[in-house]
Amino acid sequence: MSDSLFLPVDIALPVPVLVVEDEPLLQRRLQDILLQLGYPQDALLFAGSLAQARDCLDMGPVALALVDLMLPDGNGLSLIEAMRKDDPGLGILVISAWSTEESILSALRAGATGYVLKERDDIEVAMSIRSVLRGGAPIDPFIARRILELLPTLPTTISAPQEERLSDRERQILLLVADGLTNREIAERLFLSHHTVESHVKRIYRKLAVSSRTLAIKTARTRGVIP
């Protein structure tokens with residue numbers, strides 16, 4: 001069972017991957033996990049600080065990011081916020097030793113897709129990465145329990161669900177879908193990875209409660225989202 005978790009994932013691997021971690025041993029550990037998942041060495045970018053991470057991002061967009069929170073020159077939250085703003089569909093997995101409520105909730109609010117503790121073994125970390133690659137939002141079991149403990153303190157009043165609005169990027173992609181472009185053509189037009197465009201399209205489907213491109217276009221036009 002454990003060996004199967006390290007078989008190459010059964011979807012196209014989005015590249016490149018940015019690993020933001022200042023401890024050499026943990027960098028090597030994450031490198032080994034990614035290699036076992038099927039990533040080539042030249043698709044992996046490593047940064048030991050916020051400055052190095054920003055230098056990597058200046059060279060071009062990344063398709064997946066594994067980020068530590070405590071770095072030599074600051075907190076990874078600012079990096080997560082910047083990456084999320086630049087690419088709303090980017091998979092960002094926090095791999096941290098911090099398990100305080102503040103660090104967990106701050107990371108999720110900043111835009112992290114998932115959060116796993118460094119103390120977890122390689123199999124659990126690999127499972128979290130695989131989940132992100134499939135569009136999931138993995139949360140460490142310990143962290144999930146901490147979040148559940150907070151629920152009783154939340155307001156119990158139930159309000160009517162509000163319609164989710166498309167982001168500017170999602171609307172831009174939907175307009176290109178309406179023009180008849182394929183996901184790959186959209187990726188080339190916007191200089192994004194094919195995986196990122198697919199993630200955006202899935203979010204558009206979810207927000208519009210549809211299951212096809214035709215219905216997405218029709219629903220968006222009916223609501224006045226696109227002309």
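Q: How many salt bridges does a search of the whole structure find?
A: The search finds 6. Keep in mind that the model is predicted.

Q: Start with R28. Which residue does the R28 side chain meet in a salt bridge?
A: D32. The N to O distance is 3.3 Å.

Q: Where do R28 and D32 sit?
A: In helix α1, residues 24–36. They are 4 residues apart there, so about one helical turn separates them.

Q: Is R28 buried or exposed?
A: R28 counts as exposed, because its relative accessibility is 51% and the cut-off for exposed is over 50%.

Q: And what about D32?
A: D32 is partly exposed. Its relative accessible area is 30%.

Q: Next one. What is the N to O distance between D68 and K118?
A: It is 2.9 Å, and the two side chains form a salt bridge. The pair links distant parts of the chain, 50 residues apart.

Q: Which loops are those?
A: D68 is in the loop between β3 (64–67) and β4 (70–71). K118 is in the loop between β7 (114–117) and α5 (122–133).

Q: Are D68 and K118 buried or exposed?
A: D68 is buried, with a relative accessible area of 3%. K118 is buried too, at 14%.

Q: Which residues are linked with D68 in a network of salt bridges?
A: E21 and K118.

Q: OK, E170. What does E170 form a salt bridge with?
A: With K207. The closest N and O atoms are 2.9 Å apart.

Q: Which parts does that pair tie together?
A: E170 lies in helix α7 (residues 168–178) and K207 in helix α9 (residues 194–208), so the bridge joins parts 37 residues apart in sequence.

Q: Buried or exposed, those two, E170 and K207?
A: Both are buried.

Q: Change of topic: helix packing. At what angle do α2 and α3 pack?
A: About 15°, with the axes 10 Å apart. Here α2 covers residues 50–58. That angle makes α2 roughly parallel to α3, since angles under 35 degrees count that way. The crossing is right-handed.

Q: Which residues make the contact?
A: From α2, L50, A53, R54 and L57. From α3, S78, L79 and M83. By class, the contact has 5 nonpolar, 1 polar and 1 charged residues.

Q: And how do α7 and α8 pack?
A: At about 125°, with their axes 10 Å apart. Helix α8 is residues 183–190. The two helices are therefore oblique to each other. Their crossing is right-handed.

Q: Which residues meet there, α7 to α8?
A: On α7, R169, Q172, I173, L176 and V177. On α8, I186, R189 and L190. The contact divides into 5 nonpolar, 1 polar and 2 charged residues.

Q: Last one, P88. Where is P88 found?
A: In the loop between α3 (77–86) and β6 (91–96).

Q: What does P88 touch, leaving out residues up to four places away in sequence?
A: S167, R169, H200 and R203. One of those, R169, is also in the α7 contact with α8.

Q: How many residues separate P88 and E170 in sequence?
A: They are 82 residues apart in sequence. In space, the C-alpha to C-alpha distance is 8.6 Å. E170 is the residue that bridges to K207.

How values were computed:
Residues are numbered from 1 along each chain as its sequence is written. This is a predicted model: local features need pLDDT of at least 70, side-chain atom pairs count only at pLDDT 80 or more; totals for chains, interfaces and linings use all residues. Side-chain values use heavy atoms; hydrogens and water are left out. Contact means heavy atoms within 4.5 Å. Axes are lines fitted to C-alpha atoms, for helices over the stretch in contact, and angles run from 0 to 180 degrees between N-to-C directions. Angles under 35 degrees count as roughly parallel, over 145 as roughly antiparallel, 65 to 115 as roughly perpendicular and the rest as oblique. A crossing is left-handed if the near helix is turned anticlockwise from the far one by less than a right angle, and right-handed if clockwise. Ala, Val, Leu, Ile, Met, Phe, Trp, Tyr, Cys and Pro count as nonpolar, Asp, Glu, Lys and Arg as charged, and the others, Gly among them, as polar. A salt bridge is a side-chain nitrogen of Lys or Arg within 4 Å of a carboxyl oxygen of Asp or Glu. Buried means under 20% relative accessible area, exposed over 50%, partly exposed in between (1.4 Å probe, protein chains only).
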